[in-house]
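Please read the following explanation with the sequence and the coordinates at hand.

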Amino acid sequence: MNFRKTMTRLETVLAKKYGIETSYIDDEKFWKLIKKEKSHRFSPIRKYYKEVEAARKLRNVKTHFNGKNGTEIFEVSKEFVKFIEEKIIKPYEKEQRISTFLKSSSVMSLSSMDSVKTLLGEIRTKNYSQFPIFDEHEKFMGVISDNGIANWLAQQDSISHDVFYTKIEVLLAKEEEQRYAVVSTDDLVLTVLEKFDLPSLPLCVLVVEKGANKRDFKRKQLKHIVTRYDIPNLQDFLNI
């Protein structure tokens, strides 16, 4: 394993993430990329920051100081190089896409014309907490949470027959906050984790098929729902 090539790979994956041309990266810009990536709660750079900084400094020494006849004054252990590749670089590479992590499953979604009774039945039987809602044309409208329906029920003067047969579209209009994010099946698992680190603290991440419009997608294009309860499994998948 070649230490210099491994560090170049690390530079490349970080530059690609932030849309920077790799030909313009010097050590100062590399350091800034590392610091920027460290700010993300689920980043492998954050978890292994001391090791990344040690590797960066080692490369600087190897670049600027040589022994007699141009020979390198030391070698970096293969174990350390492998550590950088497996623990730090791998989560940023295409093999770690969310589509690789997800198992095929049917996504629980509802129509805006379904009733509160139907929604409560799904919560009781399936124990789900987030429900994507689609209109009569199968277009995405938003997400109703179990907390959202609980709050709505609490606001009713009485729980009558009419309440249970209220259309879901009424509840959706009353949902105080739409706390969700949307990614593609082609996005990295790391990208999904970072969505849960947004200031808005989304309750779920909707995964739509590659090529779908993330702002205006159809029911059949929704492939999976990831909630905060999935975070430990995502971390285990990336080994971070």
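The paragraphs below begin with the basis of the description, continue with the helices and end with the sheet.

The model is a predicted one, in which local features need pLDDT of at least 70 and side-chain atom pairs count only at pLDDT 80 or more, whereas totals for chains, interfaces and linings use all residues. Residue numbers start from 1 along each chain as its sequence is written, and side-chain values rest on heavy atoms, with hydrogens and water left out.

Helices (H or I, at least four residues) and strands (E, at least two) are DSSP runs numbered from the N terminus. Helix H1 (residues 3–17) and helix H4 (residues 49–64) have axes that come within 11 Å and cross at roughly 125°. Such axes are lines fitted to C-alpha atoms, for helices over the stretch in contact, and the angles run from 0 to 180 degrees between N-to-C directions. H1 and H4 are therefore oblique to each other; angles under 35 degrees count as roughly parallel, over 145 as roughly antiparallel, 65 to 115 as roughly perpendicular and the rest as oblique. The crossing of these two helices, H1 and H4, is left-handed, a term that applies if the near helix is turned anticlockwise from the far one by less than a right angle, with clockwise giving right-handed.

On the H1 side, Phe3, Arg4, Met7, Thr8, Leu10 and Glu11 meet Val52, Ala55, Arg56, Leu58, Arg59, Lys62 and Thr63 of H4, where contact means heavy atoms within 4.5 Å. By class, this contact of H1 with H4 comprises six nonpolar, two polar and five charged residues. Here Ala, Val, Leu, Ile, Met, Phe, Trp, Tyr, Cys and Pro count as nonpolar, Asp, Glu, Lys and Arg as charged, and the others, Gly among them, as polar.

Arg56 has its place in helix H4. With a relative accessibility of 9%, Arg56 counts as buried, since buried means under 20% relative accessible area, exposed over 50% and partly exposed in between (1.4 Å probe, protein chains only). Not counting residues up to four places away in sequence, Arg56 touches Met7, Asp27, Phe30, Trp31 and Ile34.

H4 also packs with helix H5 (residues 78–89), at an angle of about 130° and with the axes 11 Å apart. H4 and H5 are therefore oblique to each other, and H4 passes H5 in a left-handed crossing. Glu51, Val52, Ala55 and Leu58 of H4 make this contact with Phe80, Phe83, Ile84 and Ile88 of H5. The residues of the contact of H4 with H5 divide into seven nonpolar, no polar and one charged.

The sheet comes next. Three strands form an open sheet in the order E4-E5-E6, with mixed pairing; two strands pair if DSSP finds at least two bridges between them. Strand E4 (180–184) and strand E6 (222–227) are the edge strands, each pairing on one side only. Neighbouring strands of this sheet are turned by 25° against each other on average, direction ignored.

E4 and strand E5 (residues 204–208) pair in the parallel sense over five bridges. In E5, Cys204 is the bridge partner of Tyr180, and Leu206 is that of Val182. E4 is mostly covered, as four of its five residues are buried.

Val208 lies in strand E5 and is buried, with a relative accessible area of 0%. Apart from neighbours within four places in sequence, Val208 is in contact with Val182, Val183, Ser184, Thr185, Lys214, Phe217, Gln221, Leu222 and Lys223.
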